[in-house]
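Hello,

Here is the structure you will be working with. Please look through it first; my notes follow below.

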Amino acid sequence: MKIVYFAWMREKAGVGEEEVTPPPEVKDVRGLIDWLKGRGGGYAEAFADLSVVRVAVNQEYVTLDHPVAEEDEVALFPPVTGG
Amino acid sequence: MIRVQREKFDLGAEVARMTEGNHGIGGVCAFVGLVRDVAGDQPVAAMTLEHYPAMTEKALAAIEAEARGRWPLEDSLIIHRYGRLEPGDAIVLVAVASAHRQAAFEACQFLIDWLKTKAPFWKREDTGDETRWVEARASDDHATRRWRRGKAAE
């Protein structure tokens, strides 16, 4: 699974993108984020407040209960500020 | 049409390209967003826009398609820049052409309102002393909600 991070979540996580292999019990975005937080370091800080985490799976916006699979690209980022 | 680019754009040239050869267009409404030199009470020396290249064009195309479905538009154009910009630089252009002005005005406002809360861009301001990520504004969410279908203006 490919995970990409943007803006201050990228900075706190300390990585822009990475390939990960979560354990089989990680079924959805919420589970994935919990697993990432368990890795410690900046991840716990980046995802401390789930209310500011926006998610896209395969470049489409989804909610935290959306399923994730091995071949997915999951993007985690704060609320957008373009325009 | 959607364009995501680092380079500057020329409003006049873009509008001319849009209207050339289509005399069914009765009006064009355009919005250009610019970098200001102040944010709150802090000066802004520069701004850097990050985006999600794999998703940006797709998200903007979806926003454009939504507008084309709601209003009778002859043409539409969204140009959004990324990279380092300075006060006075243009960030974004939204231009829509239609037979009559009401559709053009409404669609233009809709596009910029939706884009602000749905297009995957993030601004980082440089005050000269420090850099900080711009926080999303509740007023932008409110502006987007106004366009929910079947709901009266909130």
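Which residue in E9(B) does B:Leu49 stand opposite? The residue is B:Lys123. Please keep in mind that this is a predicted model.

The sheet in chain B

Strand E5 (residues 46–51) and strand E9 (residues 121–126) of chain B are paired in the antiparallel sense, with six bridges between them. Both belong to an open sheet of four strands in chain B, which runs in the order E7-E5-E9-E10 with antiparallel pairing. Strand E7 (83–85) and strand E10 (131–133) of chain B are the edge strands, each pairing on one side only. From one strand to the next, the twist averages 25°.

The interface between chains A and B

Contact between the two chains involves 21 residues of chain A and 24 residues of chain B. About 1,800 Å² is buried between chain A and chain B, and carbon and sulfur atoms give 58% of that area. Of the area that chain A buries against chain B, 36% is supplied by A:Gln59, A:Thr81 and A:Gly83, more than by any other three residues.

There are three salt bridges between chain A and chain B. The side chains of A:Arg10 and B:Glu50 form a salt bridge at 2.5 Å, N to O. Twelve residue pairs are in polar contact across the interface of chain A and chain B, counting pairs with both residues at pLDDT 80 or more.

On the side of chain A that touches chain B, at least two residues each come from strand E1 (2–5), helix H1 (7–13), strand E4 (60–62) and strand E5 (73–77) of chain A. H1(A) gives the largest share, four residues. By class, this side of chain A has twelve nonpolar, five polar and four charged residues.

Regards

Key: Residues numbered from 1 in each chain as written. Chains lettered and ligands numbered in written order. Predicted model: local features only at pLDDT ≥ 70, side-chain atom pairs only at ≥ 80, totals over all residues. Heavy atoms only, no water. Pairing = 2+ DSSP bridges. Axes fitted to C-alpha atoms, helices over the stretch in contact; angles between N-to-C directions. Contact = heavy atoms within 4.5 Å. Buried area = accessible area lost by both parts, 1.4 Å probe. Salt bridge = Lys/Arg side-chain N within 4 Å of Asp/Glu carboxyl O. Polar contact = N/O pair within 3.5 Å; in protein donor to acceptor, adjacent residues only side chain to side chain. Nonpolar A, V, L, I, M, F, W, Y, C, P; charged D, E, K, R; others polar.
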